Amino acid sequence: MKAADPPVAVARVPERSGSQPPAGGQRKRRKAGALLPYLLIAPAFVAIAAVFVWPLIKTILMSFQDVGRRELWTGEAAPWVGFEQFTNILGDGEFWAVVWRTVIFMVACVVATMGIGLGISMLMQRMDTWVRLLLTAALVAAWSMPLLVATSIFRWFADSDYGVLNMVLTKYLGIDAQGHNWFLDPKQGFLIIGAVVVWGAIPFVAVTLYAALTQVPRELEEAAALDGAGVAGVFRYVTWPVIKPVFQMVATLSVLWDFNIFGQIFLIRGNKPEPEYSVLGIYSFEKAFESNSFSQGAAISLITVLLLSGVAVYYLRQLLKIGEVE
Amino acid sequence: MSASTSQALRPDTERGTGPATPQVLRQDRKKNRLVYNIVGLAVFVLMAFPVYWLIISALRPNHEIRSYDQTLWPSSLTLDNFQRAIDQPNFGTAIQSSLIVCGVAVIGGMLLATIAAFAIGRFRFRGRKFFMIVLLVVQLLPPTAMLIPIYIQLNDLGGLNEYWGVIVIYLVSTLPFATWMIRGFIVNIPPELEESAMVDGCSRMGAFWRVTFPLLAPGLAAAAIFSLITAWNEYLLAYVVLQDNDKYTLNVWLMNFTTSRGIDYGALMAASTLIAIPVVAFFLLVQKYMATGLTSGAVKG
């Protein structure tokens, strides 16, 4: 995990074991030594190829076929249809509505998560220790909640009859929300779903950024302030450069996660989200498992992967740049 | 709460260091501290409230849950909700399924991950970097996109509605992260220890198993817990693949809680609490590794 792993002496060792035997044996041993790492990674490599790489290839193949319920049950070979799935999808107005919804929801969630997360992390630097410990405990508790449980809680919050949200609004804020159904209007529904997403994502962001902030030299901030830099100036020229790599990394991960959002929507709508709640993940799932048009679902998945591949490459470049892969 | 709030509050501190007398400065700082503390407590309440509400709803009597006049504090505590949750059909088999699936997947995954991590942590060989990048890339693939081809493939292999199908997928899904994590622990153990064991006559693998492996125990425990949490929290694949009621894992069992006419929120919260408890407990054990997760390198610059 630690990226600052020293570049440890690695492969020199095998030679030593074969220093005594005659030349022939030594060569054999050396050969075995050179093969050893490949033997060691072979099981993991094969497993990953079978469960990640092959499905990816299969997704591509399926998007050019027409796999439906019949092919699934009878094992018949699916007919090849060329780009038909793609032309159908890309020509469908609903698909573009779904893409838009996904992008807007992702941007809103990422901005909220990163903004609040950064705010909390900076706050944590400035508060008393006991408050920080309390807050950390709450963050860890929120962090560890399984997605399924978190979604159940927020669903219960927003229940129209007995939900605590309507109660608080009615009783304490004077808005009559008794019996209000939050999911009739998708805008309000997405507000609740966004709350689950952001609540669940804040701890990781806040804790990671807090760790980054502790690396900012206090003296530098003070010196900058003495030299007349305003708060914004100190943040811009002293704090930000230090935390920037971490911030970018966390933001990129958030983009990937929030774009692929699925569970929160699926579960909060009782495993059957209405069409107004479709984001790309849901859309592809429903095409495949509700309409039994597996090829359509696969093609939508493929489009999703392609849309995200740019972000993924950016993330990997960040990782490579900081020497995480050494 | 947001970045701007906490920044906007800062000038007083900074300005205080200038012309103000020490007396004023101290009061100023104190006032700021107080504001930060109050905001911090407000954030604490917001972050903790869902967890509080989960536990409180699980413990309060049902007539309070089915009440139009919800109170923030329960009048009495009861275990009735837990009783009703446990009495739901298939609770026992769901526990059994979850334990079998997660247990086998984690043990198998750890085995593969350890030897692969040993290879990339101790050897330099052609393709090593490629393998490491593969480990990272596959973690970025959206799981829902993988679901359709995996489902089709399991269907072809007869793995639908079978434990082994889910086990294989869980095992491999946790593999990249576990390998990556264990490698981090391995490179922090001095290779000289292995070398001296080999001078004393151990084989390469013998030295690893006898010397490095025991030192690796805490790291392996952490990686195993991560894998366990990941597998325990997964619901979608199990939902799609496992069709028999008595094969449901706990999460699928919980998902079906909500489909019956009207939701029994008390029992749902009780069941959710039961499922979350082991996760939270394990999470606390490995939380410190979590924080130094994927971004540790960046923190160190």
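Reader: Is the crossing of helix 6 of chain B and helix 12 of chain B right-handed or left-handed?

Author: A crossing is left-handed if the near helix is turned anticlockwise from the far one by less than a right angle, and right-handed if clockwise. In this predicted model, whose local features need pLDDT of at least 70, whose side-chain atom pairs count only at pLDDT 80 or more, and whose totals for chains, interfaces and linings use all residues, the crossing of these two helices of chain B is right-handed. Residues are numbered from 1 along each chain as written, with chains lettered from A and ligands numbered from 1 in written order.

Reader: At what angle do helix 6 and helix 12 of chain B pack?

Author: Helices are DSSP runs (H or I, at least four residues), numbered from the N terminus. Axes are lines fitted to C-alpha atoms, for helices over the stretch in contact, and angles run from 0 to 180 degrees between N-to-C directions. Helix 6 (residues 91-122) and helix 12 (residues 217-233) of chain B pack at about 140 degrees, their axes 9 Å apart. The pair is therefore oblique (under 35 degrees is roughly parallel, over 145 roughly antiparallel, 65 to 115 roughly perpendicular, the rest oblique).

Reader: Which residues of helix 6 and helix 12 of chain B meet?

Author: Contact requires C-beta atoms, placed from the backbone, within 7 Å. Among those meeting are Ser98(B) and Gly109(B) in helix 6 of chain B, and Leu220(B) and Trp232(B) in helix 12 of chain B.

Reader: How many residues does each chain give to the contact between chains A and B?

Author: Chain A gives 107 residues and chain B 107 residues. Helix 2 (residues 23-63) of chain A gives the most to the side of chain A that touches chain B, with 18 residues.

Terms used:
Contact = placed C-beta atoms within 7 Å.
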